[in-house]
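Opened a new page in the notebook for this one. I want the fold first, then a few residues.

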Amino acid sequence: MASPRNKHEEPLTVYYDGACPSCVRDRDNYQKMAGDNSNVCWVDITDADDQLKTLGIDPRKALTELHVRDGQGNIFSEIDAYRLLMARTVLLRPIGWLIGLPLIRPAVSRIYHWWVTRRLTREGRI
């Protein structure tokens, strides 16, 4: 099997919360922007605790942070996962760069965790 020509052709596996309508909508929107060439596999983490544990992903963290596995099996979470995913799409690449900036990254992380915790608490899932 030939190796990818660049990091954007390397396969990614995204572990997302399929029980979250907003997460499903975000996945669908990403797929529309990326088209067929994104080489991204989406895995619903709903009821997949054993699979997540096998990968070394804490199921509770998987609910509260996006997780992505690259072609070498490295797991990235939270902002790093979003940046890796966004780098695949021309329209999202600048946003991925922006959220990685030292002053913006912690603010985005705090807002994201607040939003997810609020949603999961409201749904009675945590």
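I started with contacts, meaning heavy atoms within 4.5 Å. Among contacts between residues at least 6 apart in sequence, 61% join residues at least 24 apart.

Ground rules, for the record. This is a predicted model, where local features need pLDDT of at least 70 and side-chain atom pairs count only at pLDDT 80 or more, while totals for chains, interfaces and linings use all residues. Residues are numbered from 1 along each chain as its sequence is written, and side-chain values use heavy atoms, with hydrogens and water left out.

**Fold.** I looked up the secondary structure as DSSP runs, numbered from the N terminus: helices are H or I with at least four residues, strands E with at least two. The chain has 6 helices and 4 strands. From the N terminus, the order reads β-α-β-α-α-β-β-α-α-α. The radius of gyration, over C-alpha atoms, is 15 Å, close to the 14 Å from the globule rule for 126 residues, so the chain is as compact as a globular protein of that length. That rule is 2.2 Å times the number of residues to the power 0.38. Along its principal axes, the C-alpha trace spans about 45 × 35 × 25 Å.

**Burial.** I used relative accessible area with a 1.4 Å probe and protein chains only: under 20% is buried, over 50% exposed, in between partly exposed. Buried residues come to 37% of the 126.

**Core.** I took a nonpolar core as a set of buried Ala, Val, Leu, Ile, Met, Phe, Trp, Tyr and Cys residues joined through side-chain atoms within 4.5 Å. The largest one has 25 residues, and V14, Y30, V40, W42, L66 and L85 have the most contacts inside it. At least two residues of this core come from each of β1 (12–16), α1 (21–34), β2 (40–44), α3 (59–64), α4 (78–86) and α6. In soluble globular proteins, nonpolar side chains tend to be buried together.

I then checked Y30. Skipping neighbours within four places in sequence, Y30 contacts S38, V40, W42, L85, R88, T89 and L92.

Is R119 buried or exposed? R119 is buried, with a relative accessible area of 4%. I found R119 in helix α6 (residues 105–122). Beyond four places away in sequence, R119 touches D17, C20, C23, L63 and R125.

W97, in helix α5 (residues 93–99), is exposed at a relative accessible area of 55%. I also checked W97 against W114: they are 17 residues apart in sequence and 22 Å apart in space, C-alpha to C-alpha.
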